[in-house]
Amino acid sequence: MKILVVDGYNVINKIGDLLEIADRNLKDARDAVTKLANEYKKRDGGISEVYVVFDGQNQYRDLDIPHPKEHIFSDTGEGDRKIIETIKNMSDKGTVVVVSDDNYVRNNARVYSASLMRPIELIEK
């Protein structure tokens with residue numbers, strides 16, 4: 001089993017089209033990066049699960065706002081740690097592929113033998 005873990009805001013900030021969407025509406029940008037990850041999953045053919053991790057906003061945690069099941073939100077300022085935690089938890093289930101340009105995320109992902117992708121690779125394949 002192969003699992004794709006995406007550093008959501010990192011990808012949004014690295015892909016110009018997503019950044020333009022985020023300037024207008026952040027929820028739409030989150031949905032767009034999730035769609036991009038799922039499209040990559042279809043093209044790749046070997047990925048069984050997709051998780052997109054976002055640095056959360058504590059003040060919105062109790063609001064009843066539906067979001068896609070692929071979205072994982074951290075506490076405010078804990079996004080990188082949540083990504084690493086997700087990689088650790090998923091590494092027991094199969095091969096993890098991490099999409100991020102963040103050096104902290106990339107270096108820590110290697111500890112769990114995760115494969116690494118740059119954000120632009122989501123649209124290049």
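This briefing covers salt bridges in a predicted model. Local features need pLDDT of at least 70 and side-chain atom pairs count only at pLDDT 80 or more, while totals for chains, interfaces and linings use all residues. Residues are numbered from 1 along each chain as its sequence is written, and side-chain values use heavy atoms, with hydrogens and water left out. The count comes to 5 salt bridges, each defined as a side-chain nitrogen of Lys or Arg within 4 Å of a carboxyl oxygen of Asp or Glu.

**Between a helix and a strand**
- Lysine 2 and aspartate 44 form a salt bridge through their side chains, at 3.2 Å from N to O.
- Because aspartate 44 is in helix α3 (residues 26-44) and lysine 2 in strand β1 (residues 2-7), the pair ties together parts 42 residues apart in sequence.
- Helices (H or I, at least four residues) and strands (E, at least two) are DSSP runs, numbered from the N terminus.
- Lysine 2 is partly exposed at 24% relative accessibility; that class lies between buried (under 20% relative accessible area) and exposed (over 50%), using a 1.4 Å probe and protein chains only.

**Within helix α3**
- A salt bridge joins the side chains of lysine 27 and aspartate 31, at 2.7 Å from N to O.
- The two residues, lysine 27 and aspartate 31, are 4 residues apart in helix α3, so about one helical turn separates them.
- Lysine 27 is partly exposed at 40%, and aspartate 31 is partly exposed at 26%.

**Between two loops**
- In the salt bridge of arginine 118 with aspartate 101, the closest N and O atoms are 2.8 Å apart.
- Arginine 118 sits in the loop between β5 (115-117) and α6 (121-124), and aspartate 101 in the loop between β4 (95-99) and α5 (103-111), 17 residues apart.
- Arginine 118 is partly exposed at 35%, as is aspartate 101 at 22%.
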